[in-house]
Amino acid sequence: MRRTLVLLLAAGLLAAAPAGAASAQAPGCEVASGVLSWGFKESFRAYIDGSIANGEWTVADGATYDTPTFAFPAEKGRVDPRDPNGSVSFAGSVRFTGHGGILDTTVANPVLVVRPDGTGILLLDVSGPTMEGDEVTVTEAEFLDVDLTGQNLTPVDGVITIDAAPTTLTEDGAVAFPNYEAGSEFDPLTVTLDVGDCDLTGQPIGTDTVADGGIPPYVFYIGAGAVGLGLIAGALIWRRRR
Ligand code: HEM
């Protein structure tokens, strides 16, 4: 008897699960692929491979370098272009070395966040000694403010393009990389995000809102809830009768 009740309850929960999972999905477009192209900071690159630091940089974990920009492939993310907001994470790291190994800074795993107010921010992992010799290790630090003014985040042929958005170092960025003051200009960001055939006319993927003529998600909720309650009630009545 107890086993039957457990099975019935499990069946009710399973019936409710798909609707809950679908509606937990944030609205917007899933990023299928993409690239963040960014030179970090032109003057820093010149300093590193010039006669002062006598250094170099090496890319890893998916990042590539083609003068004058590093490219980081998109890993995952969602962007809602109708009311621009979302975030996309990119893979890859760049290790800058110089001064015979005293300078050894790695920047990695950029995440581009588009805030609901339309402004952008780039998060970055930064690690290595500062010029003063202090060791810094930060993860997903709010590194750069990204000026998205004038950028059109509507996909064209399935691709959202952010073209050379100007960037400046944030307060947190200046803590992570203290040789520059907050507000210092860094290199602009160019980003392409492939969102496939995500419908931008009002239907976010994930089916949490409804296109004309569709079935609203709450119908699934109510249906699944009713089925679950029915099963429980049935099981209880059956148990009493026995
Ligand atoms: C032996 C140790 C070091 C020496 C002698 C040294 C020397 C210098 C010098 C002379 C400059 C001025 C370059 C110019 O104006 O063109 C400079 C700039 C700079 N150094 Fe160092 N440095 C050392 C270590 C470090 C370390 C560990 C870091 C950490 C990341 C660092 C980061 C920087 C940065 C960000 C700049 C500004 C580059 C720019 O013009 O954009 N340095 N350093």
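## Ground rules

The model is predicted, with local features needing pLDDT of at least 70, side-chain atom pairs counting only at pLDDT 80 or more, and totals for chains, interfaces and linings using all residues. Residues are numbered from 1 along each chain as its sequence is written, and side-chain values use heavy atoms, leaving out hydrogens and water.

## The iron site

Let's start with the metal. Tyr-47 (OH) and Met-131 (SD) coordinate the iron atom of the ligand at 2.0 to 2.5 Å. Tyr-47 sits in helix α2 (residues 42-48) and Met-131 in the loop between β9 (120-129) and β10 (135-146), so the pair links parts 84 residues apart in sequence. Helices (H or I, at least four residues) and strands (E, at least two) are DSSP runs, numbered from the N terminus.

Donors here are N, O and S atoms within 2.8 Å of the metal (3.2 Å for Na, K and Ca); water is not among the atoms, so sites may look incomplete. The iron atom of the ligand has six donor atoms with angles of 78 to 178°, and its site is octahedral. For six donors, that means opposite donors over 155 degrees apart and all others between 65 and 115.

How accessible is Tyr-47? Tyr-47 is partly exposed at 23% relative accessibility, while Met-131 is exposed at 63%. Buried means under 20% relative accessible area, exposed over 50%, and partly exposed in between (1.4 Å probe, protein chains only).

Thr-67 and Pro-68 are joined by a cis peptide bond, with omega about 5°. Pro-68 belongs to the loop between β4 (64-66) and β5 (69-80).

His-99 isn't a glycine, yet its phi is positive, near 50°. You'll find His-99 in the loop between β7 (93-98) and β8 (103-114), partly exposed at 32% relative accessible area. Asn-109, also not a glycine, has a positive phi of about 50°; Asn-109 lies in strand β8 and is partly exposed at 34%.

Key:
Four donors count as tetrahedral if all angles lie between 85 and 135 degrees; four count as square planar and six as octahedral if opposite donors are over 155 degrees apart and all others between 65 and 115; anything else is irregular.
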